[in-house]
Amino acid sequence: MTYTDFIAVIDLGTSHIVGMVGKKNENGVLSIIAYDNTEKSDGCIRRGCVYNVEETANKINRVVLKLENKMDGAKIAKIYIGVGGKSIRTLDHTVSKILGAEGEVTPAVLQELDKECRNYHPAMLDILDITSPVYLLDGKEENEPLGISCSRIEAHYKLIVGQPAIRRTILTNIAERIKLQVAGVLVSPLALAELVLTPTDKQGAVLIDFGAGVTSVTIYKNGRLKALTVVPLGANLITRDIIKGLNVPESEAERLKRTFGSALPLDREKGQQKIDINKTGDYRMQEITLSELNEIVEARSREIVENAYARLEDANVAKAAGFKAVIAGSGAALNNLREAVSQRFNMEVHYPSVRKGAVDGNVEMIANNPEITTAVALLLQGHENCAYKPEPKPEPKKPIIPEEPKIIPEEPVPGPYQEVEPNTKKQENKAKEERQKTETAEKENWFKKWKKKIDTTAGDLFNDNNL
């Protein structure tokens, strides 16, 4: 089967660059066609930001090629790219308009407010996305303001902003190297929230995405985005701390973190348990206690959780009633992290589940595989067909054959062996007869003249007067 209509996305994660292709049906339900998560990005992306453009472009090209190889010859013409760098955050912006004593909210008024908002350019920042506004009519909040009379309207927007280099790097530097059109730059934390949070959840929820390089905190209240911030700390820092603290290679540090690390302090008995580690440059296994390892793991994970909690305090929801937390990302697999977040946040904590009706297929596989979950979320936000469509070949132009000029033939001149048409023969015969008559008449006249002359000469000879 050759695919001719699909959406393609690239998730620029700190640990992996993930590519995915999917298709949405008429109801918006997503079906995944192909994905690839084999390209590591630790050498070109740091804390969610591209720092090696050339290497990032090369890895994206490899991911695109792997996806195309899984799609029976279909080609990708454009891609969406998801970002979640450390500079991304929300910014409040208000636009107002005076309508007068007999004013009314019309479509033109709402369009004017939206246009003014989109023309706003904050200093040293780039607007990546804009959420739907909250409207205040004469100071009173209205969800559906159209048609309501008021003298003043205010539109309160949440702008998702970041450093200008984020979009510029993707749309210019990377796009030129991968030779593909960028259909759009998507904010990964927002896309993930749309995948795992239901409308009921958004009445009061905190989504914490523990990534390899950064931790994003997305807060919803009363069904709307309250705040989005990014903590520049991620699970890779725990791995690096283990490398330095225990003098082990990266692969060994990652194994120790995932297998034995804990986000909570260990009790005395468990902390005295022995484990074997493989130190750098030493082929012999060495023993350490779990407490030696966990002093490193617990200290860094506590720092990350504390920074995430500070974002709730900044948004004035740290102690709000009815809130729950959802933890996602590759770092969320750390042992006892769920319990650590629950204790510090003082709220119920869940692992993510794919919103019902969003994806067709094995949703548990998606929810339990944090490396691809964000890519699925990005697919749901895409809407343009990313398939390559060859331009139809123009039909060959038919050669224009000029009409031959009509030639009026001249009367043929008969040659010695050329047949002559009957009418021409009659004319020639008649002319011949006329010439013959003329010649005959001329001969007769000549003969008569000659005879007369002879007779005259003979008469003179015998005339008596001449004797």
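**A loop to begin with**

Guide: Let's start at Asn-346, which sits in the loop between α9 (337-345) and β19 (348-350). Keep in mind that this is a predicted model.

Visitor: OK! Is Asn-346 buried or exposed?

Guide: Asn-346 counts as exposed, with 70% relative accessibility. Its C-alpha atom is separated by 9.6 Å from that of Ala-325, a residue 21 places away along the chain.

Visitor: And Ser-41, which loop is that in?

Guide: Ser-41 has its place in the loop between β3 (30-40) and β4 (45-46). Ser-41 counts as buried, because its relative accessibility is 0%.

Visitor: What lies 3.1 Å from a polar atom of its side chain?

Guide: That would be the backbone nitrogen of His-16.

Visitor: Let's switch to helices. How many residues does α1 have?

Guide: Helix α1 has 17 residues, running over 53-69. From its first C-alpha to its last it reaches 24 Å, close to the 24 Å expected at 1.5 Å a residue.

Visitor: What caps the N-terminal end of α1?

Guide: Asn-52 does: one of its side-chain oxygens lies 3.4 Å from the backbone nitrogen of Glu-54.

Visitor: Which residues of α1 are buried?

Guide: Among them are Val-53, Ala-57, Ile-60, Val-63, Val-64 and Leu-67. Lys-59 and Glu-68 are on that list too.

Visitor: What does Lys-59 form with Glu-55?

Guide: Lys-59 and Glu-55 form a salt bridge, with the closest N and O atoms 3.8 Å apart. The two are separated by about one helical turn, because they are four residues apart in helix α1.

Visitor: Which way do residues spaced like that point?

Guide: An α-helix has 3.6 residues a turn, so residues three or four places apart point the same way.

Visitor: How many salt bridges does the structure hold?

Guide: There are 23 salt bridges in the structure. One of them brings together the side chains of Glu-384 and Lys-78, at 3.0 Å from N to O.

Visitor: Where do Glu-384 and Lys-78 lie?

Guide: Glu-384 lies in the loop between α11 and α12 (422-461), while Lys-78 is in strand β6 (residues 78-83), so this pair ties together parts that are 306 residues apart in sequence. Glu-384 counts as partly exposed at 26% relative accessibility, and Lys-78 counts as buried at 16%.

Visitor: What about Arg-258 and Glu-254, how far apart are their closest N and O atoms?

Guide: Those atoms are 2.9 Å apart, and the two residues form a salt bridge. Both residues lie in helix α6 (residues 250-260), four residues apart, which is about one turn of the helix. Glu-254 is partly exposed, with a relative accessible area of 21%.

Visitor: Which residues do salt bridges that share partners join into one network?

Guide: Glu-39, Glu-55, Lys-59, Arg-62 and Lys-66 are joined in that way.

Visitor: New topic: where does Thr-239 lie?

Guide: Thr-239 is in helix α5 (residues 235-246), and it is buried, with a relative accessible area of 3%. Its side chain and that of Lys-257 are joined by a polar contact of 3.0 Å.

Visitor: And how many residues does α8 have?

Guide: Helix α8 (residues 290-314) has 25 residues, and it reaches 36 Å from first C-alpha to last, close to the 36 Å expected. Just after α8, Asn-316 takes a positive phi of about 60 degrees.

Visitor: How many cavities of 30 Å³ or more does a search of the whole structure find?

Guide: The search finds one. The largest cavity has a volume of about 430 Å³. Of the 26 residues that line it, the closest to its centre are Asp-11, Gly-13, Asp-209, Gly-211 and Thr-374.

Visitor: Which element gives the largest share of the lining?

Guide: The largest share comes from α11, with four residues. Elements that each supply at least two lining residues include β1 (7-12), β2 (16-24) and α4 (188-196).

Visitor: How do the lining residues divide?

Guide: Nine are nonpolar, 14 are polar and three are charged.

How values were computed:
Residues numbered from 1 in each chain as written. Predicted model: local features only at pLDDT ≥ 70, side-chain atom pairs only at ≥ 80, totals over all residues. Heavy atoms only, no water. Expected span 1.5 Å × (residues − 1). Buried < 20%, exposed > 50% of the residue type's maximum accessible area, 1.4 Å probe, protein only. Polar contact = N/O pair within 3.5 Å; in protein donor to acceptor, adjacent residues only side chain to side chain. 1 Å grid on protein atoms, 1.4 Å probe; cavity = no way out; pocket = protein on both sides within 12 Å on 5 of 7 lines; lining within 4 Å. Points joined across faces, edges and corners; volume = space filled by probe spheres on them. Nonpolar A, V, L, I, M, F, W, Y, C, P; charged D, E, K, R; others polar. Salt bridge = Lys/Arg side-chain N within 4 Å of Asp/Glu carboxyl O.
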